[in-house]
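Please keep the sequence and the 3D view open while reading.

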Amino acid sequence: MSFFDGKMDGFIRGFHDERLISIAKVISHLGGYRFCLMLTIILALVLVLNRYFLTSFVLFTAFIGTRFLRNLFKDVIERPRPEFSLIKNHGKSFPSGHILYASMFYGLVLGVIWYVLMKNGNKAMAWFVCLLFVIILSLVGASRVYLGAHYSSDILGGIFLGIACLTFTFMVLIKIWKKGWQ
């Protein structure tokens with residue numbers, strides 16, 4: 001794993017520039033817990049206003065659950081953060097919480113939009129939205145490595161954990177929706 005981290009991290013960090021550092025900090029915030037939590041609360045409220053009470057509860061609970069899962073993994077693995085860092089970090093490195101939260105929130109949004117677009121026969125737009133999701137995750141992950149907050153393998157761990165959480169959440173939602181509950 002250290003060979004992979006060394007090669008990937010060296011490549012990503014090789015483009016240091018003050019403007020890029022500023023841009024990376026902004027992109028990094030797109031996966032921050034507070035930012036994604038705020039957006040999840042807004043999404044949950046929109047769902048409640050449209051009478052999707054159970055869906056709102058499941059989405060909000062699933063997002064909050066990722067925080068606990070992140071803490072569990074960080075406490076068990078206890079991987080230190082990279083010594084090189086352009087930002088102030090705290091806690092352990094694995095998995096990346098930013099990429100976990102981004103995977104979960106943007107994945108939830110992607111899933112809902114994908115369902116609506118595919119249901120309405122707009123496959124091209126559904127794939128475009130999927131591409132945007134991949135781009136956002138890639139940028140958030142690269143920014144975290146670029147800023148020295150994580151190793152590349154932390155990012156991969158966060159993505160895999162986020163996708164696992166997302167898959168479980170959608171399995172629950174599909175069961176709820178099939179029963180006609182909202």
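Is His29 buried or exposed? His29 is exposed, its relative accessible area being 56% (buried means under 20% relative accessible area, exposed over 50%, partly exposed in between, with a 1.4 Å probe and protein chains only). This is a predicted model, in which local features need pLDDT of at least 70 and side-chain atom pairs count only at pLDDT 80 or more, while totals for chains, interfaces and linings use all residues. Residues are numbered from 1 along each chain as its sequence is written, and side-chain values use heavy atoms, with hydrogens and water left out.

- His29 is part of helix α2, residues 18-29 (helices are DSSP runs of H or I with at least four residues, strands are runs of E with at least two, and both are numbered from the N terminus).
- Between the C-alpha atoms of His29 and Val140 the distance is 8.0 Å, although 111 residues separate the two in sequence.
- Ser28 is also in helix α2, but Ser28 is buried, with a relative accessible area of 5%.
- Beyond its neighbours within four places in sequence, Ser28 has contacts with His98, Ser143, Arg144 and Leu147 (contact means heavy atoms within 4.5 Å).
- Leu147 sits in the loop between α6 (123-146) and α7 and is buried, at 1% relative accessible area.
- Not counting residues up to four places away in sequence, Leu147 touches Ile21, Ala24, Lys25, Ser28, Ser85, Leu86 and Ile87.
- From Leu147 to Leu69, 78 residues apart along the chain, the C-alpha separation is 24 Å.

**Helix packing**

Two packed helices are described by the angle between their axes and the distance between the axes. Here axes are lines fitted to C-alpha atoms, for helices over the stretch in contact, and angles run from 0 to 180 degrees between N-to-C directions.

- Helix α3 (residues 33-49) and helix α5 (residues 97-119) have axes that come within 9 Å and cross at roughly 25 degrees.
- α3 and α5 are therefore roughly parallel (angles under 35 degrees count as roughly parallel, over 145 as roughly antiparallel, 65 to 115 as roughly perpendicular and the rest as oblique).
- The crossing of α3 and α5 is left-handed (left-handed if the near helix is turned anticlockwise from the far one by less than a right angle, right-handed if clockwise).
- In this contact, α3 contributes Tyr33, Phe35, Cys36, Leu39, Thr40 and Leu43, and α5 contributes Tyr101, Ala102, Phe105, Tyr106 and Val109.
- The α3 and α5 contact has 10 nonpolar residues, 1 polar residue and no charged ones (Ala, Val, Leu, Ile, Met, Phe, Trp, Tyr, Cys and Pro count as nonpolar, Asp, Glu, Lys and Arg as charged, and the others, Gly among them, as polar).
- The axes of α3 and α4 come within 8 Å, crossing at roughly 170 degrees, so α3 and α4 are roughly antiparallel.
- The crossing of α3 with α4 is left-handed.
- Residues that meet there include Leu37, Ile41 and Leu47 in α3 and Leu59, Phe63 and Arg67 in α4.
- By class, the contact of α3 with α4 comprises 13 nonpolar, 3 polar and 1 charged residues.
- The axes of α5 and α6 come within 9 Å and cross at roughly 175 degrees, which makes α5 roughly antiparallel to α6.
- Among the residues in the α5 and α6 contact are Tyr106, Leu110 and Trp114 of α5 and Trp127, Phe133 and Val140 of α6.
- The contact of α5 with α6 has 17 nonpolar, 4 polar and 2 charged residues.

**Salt bridge**

- The structure holds 1 salt bridge (a side-chain nitrogen of Lys or Arg within 4 Å of a carboxyl oxygen of Asp or Glu).
- Arg79 and Asp154 form a salt bridge, with 2.8 Å between the closest N and O atoms.
- The pair links distant parts of the chain, 75 residues apart: Arg79 is in the loop between α4 (53-77) and α5, and Asp154 is in helix α7 (residues 152-178).
- Asp154 counts as buried, at 0% relative accessibility.

**Backbone details**

- The peptide bond between Phe94 and Pro95 is cis, with omega about -5 degrees, and Pro95 lies in the loop between α4 and α5.
- Glu78, which is not a glycine, has a positive phi of about 50 degrees; Glu78 is in the loop between α4 and α5.
- Arg51, a residue other than glycine, has a positive phi near 70 degrees.
- Arg51 is in the loop between α3 and α4 and is exposed, with a relative accessible area of 58%.
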